[in-house]
Amino acid sequence: MTVDITPDRSALRSWLPGFLALAAIWGSSFLFIKVGIRELHPLHLTLYRVAAGALTLLVVLPLLRDRLPREPRVWAHLFVAAALGVAAPFTLFGYGEQRVESMLAGIWNATTPLVVLPLAVLVFRTERLTQRSAVGLGLGFAGVLVVLGVWEGVGGAHFTGQLMCLGAAACYGVAIPYQKRFIAGSSHSGVSLSAAQLLLATAQLAVVGPLVAGAPPMPTGLSAEVLASVLALGALGTGLAFVINLRNIRVAGASTASTVTYLIPIFAVLIGALALDERLNWHQPVGALVVLAGVAVTQGLLGRRRRPAGAPGPTGTPPGPAAVGETAAPGVDGRATPAADGGGRGVPATGPAVG
């Protein structure tokens, strides 16, 4: 007897609305960044959005009867994760979107799993490189070259902006296996660890921001449009989205919940085209499809076979909803990006990972 690893269709109504809402929230983050940098330096935008996200999760913590970590060792690792997985990538996406379209930034965010796998294999040694994942990496790298349009030559502000967005994705690629190696084994909840991580990122940006970009402007001096974008990035893209993501993991399972990664660039492109009238060159969406195909291969979502009933699932657990602890990592822009380890499993990491 065999069973399909996908959730029962009768249960779709219980998780599909939240799944689509999460993709829309994270996909719209790139629009909000584009609006925010009209009046804010990328460092100041990141500072305000991270602070708003931290405040949101600090409100959620007592409602869940949870608290921040107390161990110095956990805070030390979270300090590193805050710099690599929040402060640096959020800021790089801001710099990048000063030069490229928001929809293109959304496409680059999808390359994160392609950076995660080689680092997890070679540096952190938390994964093994299989023939399948090697093929997926090669396919994904080819897609990156297509998105860049390397045959048109390199250089210029647009090319530089794309490299900044790729650099942001690379930061997530370092932060995710780092969190899996040093943080994921702790007994704290994902909300607790993420709140602490955002607090540390806020402190880091509060120091670095004024040194690099000067004192941030008062929120009262911002336009309503920019202020709403900042609040949406922080409170909605990090706070509410994280809660929705945890529910999706509980109801649909970690593997299914992590596939929201494939919808984020679609929403980013649609929202950028409709709200900002942005346009892409032909090779950018084509390259994005190749990248997503490479990611799908590395995660075992293409060519996946049915397995006998009762066999372990992709996360090493029997088929069924995953534990709450099997959370995705925060990321793209204030949003928490699902962490895929490149091996077809959801990575129990923490923090925001969407640009």
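Which residues make the nonpolar surface patch of about 620 Å²?

## Surface patch

The nonpolar surface patch is made by Phe141, Leu145, Val150, Trp151, Trp282 and Val286, with an area of about 620 Å². Patches are made of residues with over 30% relative accessible area and no salt bridge, like charges being joined within 9 Å and nonpolar side chains (Val, Leu, Ile, Met, Phe, Trp, Tyr) within 5 Å. A salt bridge is a side-chain nitrogen of Lys or Arg within 4 Å of a carboxyl oxygen of Asp or Glu. Accessible areas come from the Shrake-Rupley method with a 1.4 Å probe, and for residues only the protein chains shown count as cover.

Val150 lies in the loop between α6 (131-148) and α7; at 36% relative accessibility, Val150 counts as partly exposed. Buried denotes under 20% relative accessible area, exposed over 50%, and partly exposed in between (1.4 Å probe, protein chains only). Helices (H or I, at least four residues) and strands (E, at least two) are DSSP runs, numbered from the N terminus.

## Basis of the model

This is a predicted model, in which local features need pLDDT of at least 70 and side-chain atom pairs count only at pLDDT 80 or more, while totals for chains, interfaces and linings use all residues. Residues are numbered from 1 along each chain as its sequence is written, and side-chain values use heavy atoms, with hydrogens and water left out.

Helix α4 (residues 102-109) is largely enclosed by the rest of the structure, because eight of its eight residues are buried. The buried residues of α4 include Met103, Leu104, Ile107 and Trp108.

Gln162, in helix α7, is buried with a relative accessible area of 3%. Not counting residues up to four places away in sequence, Gln162 touches Val100, Leu104, Trp108, Val147, Leu148 and Gln284, where contact means heavy atoms within 4.5 Å. The C-alpha atoms of Gln162 and Val100 are separated by 6.8 Å, although these residues are 62 apart along the chain.

## Aromatic pairs

The structure holds five aromatic pairs. Rings of Phe, Tyr and Trp (its six-membered ring) pair if their centres lie within 6.5 Å; planes under 30 degrees apart count as stacked, over 60 as edge-to-face and the rest as tilted. The Phe30 and Phe93 pair is edge-to-face, because the ring centres are 5.5 Å apart and the planes stand at 70 degrees. This pair links distant parts of the chain, with Phe30 in helix α1 (residues 12-36) and Phe93 in helix α3, 63 residues apart. Phe30 is buried at 0% relative accessible area, and Phe93 is buried at 0%.

The rings of Tyr178 and Phe182 have centres 4.7 Å apart and planes at 45 degrees, so this pair is tilted. Tyr178 and Phe182 are separated by about one helical turn, because they are four residues apart in helix α7 (residues 156-182). Tyr178 is buried, at 12%, whereas Phe182 is partly exposed, at 27%. Phe30, Phe93 and Tyr172 form one aromatic cluster.

## A charge over a ring

The charged end of Arg49 sits over the ring of Phe90, 3.9 Å from the ring centre. The criterion is NZ of Lys or CZ of Arg within 6 Å of the ring centre and within 35 degrees of the ring normal.

## Positive phi in loops

Arg65, in the loop between α2 (42-63) and α3 (72-97), has a phi near 55 degrees, a positive value in a residue other than glycine. Arg65 is exposed, at 82% relative accessibility. Asp277 also has a phi near 55 degrees and lies in the loop between α11 (264-276) and α12 (283-298). At 55% relative accessibility, Asp277 counts as exposed.
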